[in-house]
2 protein chains.
Amino acid sequence: MARAATTSDAFNAVAEPRRREILVFLASDERQVGEIVAAMGLDQPSVSKHLGVLRSVGLVRVRRNGRHRLYRTNAEAIRPLHEWTETFERFWQHQLQRVKERAESQMFPKPPSQ
Amino acid sequence: MARAATTSDAFNAVAEPRRREILVFLASDERQVGEIVAAMGLDQPSVSKHLGVLRSVGLVRVRRNGRHRLYRTNAEAIRPLHEWTETFERFWQHQLQRVKERAESQMFPKPPSQ
DNA sequence: TTGACATATTCCCATATAGGAATGTAATGT
DNA sequence: ACATTACATTCCTATATGGGAATATGTCAA
């Protein structure tokens, strides 16, 4: 079997770095495609294709305005990723704790027991 | 150009759902490959290959013990994903706020101005 | 040494890319 | 109607995939 499609879910869609950039760029304001092209330094068809992927998994919303199309990030669609990563939060806190404790025991070594 | 390698970063590595399952499974305890195989219902070479991808981006750590290898999730490596998604948190909160306000204005419609 | 066990690696193949180039389509102004 | 602007879509190709099957590697036990 091949790799799952980029359009299969948000995890696959955001694996591409340019798509992450686009999502950040569109997070605060609506933008037309031309603005995204200018900001990303990609050519227009590439941007349109990335937007197509993002649209197909609900990561962006479009609105037509004359001959322009206004895209905006749909932050809600990023929540599942946030929540998945959050399940590991307590573990990396434990790991940091261990690192910290080891560092402190280097600075203030405990006397050998006995 | 083709899609970036699954081994190129954590974003690409976790795009595969079985790898996400493995990471969850290995989050709390060390496990040997055989246990992962049993838990995932994949066959052994597939699991080894997934572990190889996860290892190459630092998402898991291995320790050898006799003929076994003990894998464990390195939660620290998931933090960058968490932090990236976190940049959108305030936006989805705004969006929810707007949805909430619209729902409330349906229940308690404002009188038309003028 | 030989065999059994645990895991990794290699080879195979259908499939999906991302970008580049070219072309299609829809809306506007004149 | 026609040219122009703003996007989307299609075609192309090198490349990486994930699973299955087979095989290699490494470790222990007798």
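Modeller: The residues of the surface near DNA strand C divide into nine nonpolar, ten polar and eight charged, where Ala, Val, Leu, Ile, Met, Phe, Trp, Tyr, Cys and Pro count as nonpolar, Asp, Glu, Lys and Arg as charged, and the others, Gly among them, as polar. This is a predicted model, in which local features need pLDDT of at least 70 and side-chain atom pairs count only at pLDDT 80 or more, while totals for chains, interfaces and linings use all residues. Residues are numbered from 1 along each chain as its sequence is written, and chains are lettered from A and ligands numbered from 1 in the order in which they are written.

Around DNA strand C there are 27 residues, a residue being near a strand if its C-beta atom, placed from the backbone, lies within 6 Å of it; the closest are Ala2(A) and Thr6(A) from chain A, with Gln32(B), Gly34(B) and Pro45(B) from chain B. At least two residues each come from α4 (44–56) of chain A and from α3 (33–40), α4 (44–56) and β3 (68–73) of chain B, helices (H or I, at least four residues) and strands (E, at least two) being DSSP runs numbered from the N terminus. The most is given by α4(B), with six residues.

For DNA strand D, 27 residues surround it, the closest being Gln32(A), Val33(A), Gly34(A), Pro45(A) and Ala2(B). On that surface α4(A) gives the most, with six residues.
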